[in-house]
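Have the coordinates open while you read.

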Amino acid sequence: MTGFVGQDQFLSWGRVERVRQDVAAPAFRDELKGLLAEPDDRSLLAVGLGRSYGDSCLNGGQRLIDMTRLDRLIALDSARGIVLAEAGLALGDLLRHIVPKGWFTTTTPGTRHATLGGLLANDVHGKNHHRAGSFGRGVRSLGLLRSDRGQIDLASDESGLFAATIGGLGLTGIITSVELELAPIRSAYLDVERIPFGHVRDFFRLAEESVDSHEHTVAWIDCTATGNELGRGIFQRANWLDDGDLVPHAENALSVPFEAPNALLNSVVIRAFNGLYWRLQKSGRARQRMHYAAFFYPLDKVGHWNRLYGRSGFYQYQCLVPPSAAEAAIEELMREIAASGAASALSVLKTLGPARSPGMLSFAREGATLALDFANRGAPTLALLGRLDDIVRQAGGRLYPAKDGRMPADMFRAGYPEWTNFAAHVDPRFSSDFWRRVAR
Ligand SMILES: Cc1cc2nc3c(=O)[nH]c(=O)nc-3n(C[C@H](O)[C@H](O)[C@H](O)COP(=O)(O)OP(=O)(O)OC[C@H]3O[C@@H](n4cnc5c(N)ncnc54)[C@H](O)[C@@H]3O)c2cc1C
């Protein structure tokens, strides 16, 4: 009997592609071997909570293994700060266990609704990249189940397969368990400072000035502003507090219950929102004690907010440009977006530090990274993204596969020259829509 059931409900976060896939959701790790052994020509892909925006977590017409029921904590050394868990454990669930004991993950993305396997397979980065590097740097070891080699335990100092699996987009096999080094905290709260800036060039000055003094930095950008106010925004910098208040987050009750019939987040609404947000925040510096959930995960306050983009979904565009080209390239991107009239609801700019990411295909490296959300309006949206690609290529930059559903194959290959070495580690039975698009 097969464990796979045909369905079309598994969507990535951008909700642009709607594909039918056979999905299995095993409850025990022992079931995974059986799923891999099923005689079938279709390829396999393990997935987590589908928080990747494009097609790296999709396998249209093929098979998916939903890992989210394999979510057990296996061991916690609360004296040394080391945790071993099944790969389907959500970051938010892990935090509820470890925060009261004075630990946090070494870094975190902007959502807690992501599994450890997903965080590892995308080698995600956070607001503290300049201090901690990417998520993979905190991975001590991992369990990997392959169709050709069975179960393998990989430690960080071994073999190309470990480096291929970190940031390896789920293509090297099923990550069954993850052992993480944790970071000590003495409070669940941060001391957060908000600083408005009038032009995107001021962002770079603030980022530079904050590298040594602040563990976390990030900026919101108003990408609808033009002229002397191009890329105006709010810079946020923060450090953990020391007050012993180790209360973990609570889950939210608020959620968007169904898909909006049309995009509620259209450019008129987005323009109004950006202008209003700027007017509310621009008055001056502000300092605030903030819980980690409010600081790291503001978008998690509303469940399924992606449904506000309606049936056509949206594209996220996240690029990274090297330090030498960063300021000019980000300004050019801002000008192109402002001129297009296609407003991005949320634009986030941050600088990444020099720490080397451990993965062969890891996105994070030194430079500036800009993330933008655009409602999918079909050809005009794709044309704009194509023009942004030209600026990023010219600057020697690259795009983030976790956010991508459309980059041309040559752009991926130029941005990730290690992809041919990586390809040798791909499990012969594994594939994804993303991989078929960029690697064939
Ligand atoms: C609101 C929001 C904010 C975000 N902020 C950031 C950010 O600041 N920085 C950042 O880097 N990312 C960010 N992301 C992206 C998100 O962190 C990543 O896409 C993350 O990997 C999603 O985890 P997931 O469990 O949903 O994995 P999925 O999206 O389901 O899968 C991601 C990849 O991991 C693979 N995978 C998942 N589980 C396994 C497994 N057990 N074995 C093998 N492969 C597996 C999949 O095949 C796929 O290639 C954000 C996303 C959202 C929605």
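A polar contact here is a pair of N or O atoms within 3.5 Å; within protein, one atom must be able to donate a hydrogen and the other to accept it, and residues adjacent in sequence count only if both atoms are side-chain atoms. This is a predicted model, so to speak of local features we need pLDDT of at least 70, while side-chain atom pairs count only at pLDDT 80 or more, and totals for chains, interfaces and linings use all residues. Residues are numbered from 1 along each chain as its sequence is written, and side-chain values use heavy atoms, with hydrogens and water left out.

Ser43 sits in the loop between H1 and S3; helices (H or I, at least four residues) and strands (E, at least two) are DSSP runs, numbered from the N terminus. Ser43 counts as buried at 10% relative accessibility, where buried means under 20% relative accessible area, exposed over 50%, and partly exposed in between (1.4 Å probe, protein chains only). Leaving out residues up to four places away in sequence, Ser43 touches Asn59, Gln62, Arg63, Arg429, Phe430, Ser431 and Arg436; contact means heavy atoms within 4.5 Å.

Ala27 is another loop residue, found between strand S2 (21-24) and helix H1 (30-37). Is Ala27 buried or exposed? Ala27 is buried, with a relative accessible area of 15%. Neighbours within four places in sequence aside, Ala27 is in contact with Arg69, Leu70 and Arg72.

**The ligand**

Next, the ligand. The shell around it has 36 residues, and the closest are Ala46, Arg51, Ser52, Thr115 and Tyr400; a residue is near a molecule or strand if one of its heavy atoms lies within 4 Å of it.

| Residue (polar backbone atom) | Ligand atom | Distance |
|---|---|---|
| Ala46 | oxygen | 2.6 Å |
| Gly110 | nitrogen | 3.0 Å |

On its own, the ligand has 970 Å² of accessible area, and the protein covers 97% of that. Accessible areas come from the Shrake-Rupley method with a 1.4 Å probe, and for residues only the protein chains shown count as cover.

What is the shell made of, in terms of nonpolar, polar and charged residues? There are 20 nonpolar, 13 polar and three charged ones. Strand S3 (44-47), helix H3 (116-121) and S10 each supply at least two residues of the shell, and H3 gives the most, with four.

**Strand S10 and its partners**

Eight of the 11 residues of strand S10 (residues 174-184) are buried, so the strand is largely enclosed by the rest of the structure. Two strands pair if DSSP finds at least two bridges between them. Strand S6 (residues 82-86) runs antiparallel to S10 and is joined to it by five bridges, with Glu86 partnered by Ser177. Strand S7 (residues 103-105) is also antiparallel to S10, over three bridges, and there Phe104 has Ala183 as its bridge partner. Strand S8 (residues 139-146) has six bridges to S10, again antiparallel, and Leu144 stands opposite Ile175.

**The eight-stranded sheet**

Elsewhere, eight strands form an open antiparallel sheet in the order S14-S11-S13-S12-S16-S17-S15-S18. Its edge strands are strand S14 (286-291) and strand S18 (398-399), each pairing on one side only. Within this sheet, strand S16 (residues 347-352) and strand S17 (residues 367-375) run antiparallel and share six bridges; Lys350 stands opposite Thr369 in S17.

Most residues other than glycine have a negative phi. Asp123, not a glycine, has a positive phi of about 40 degrees. Asp123 is in the loop between H3 and helix H4 (129-132) and counts as buried at 0% relative accessibility. Leu169 also has a positive phi, near 55 degrees. Leu169 lies in the loop between helix H5 (160-165) and S10, and is buried, with a relative accessible area of 7%.

Key: Ala, Val, Leu, Ile, Met, Phe, Trp, Tyr, Cys and Pro count as nonpolar, Asp, Glu, Lys and Arg as charged, and the others, Gly among them, as polar.
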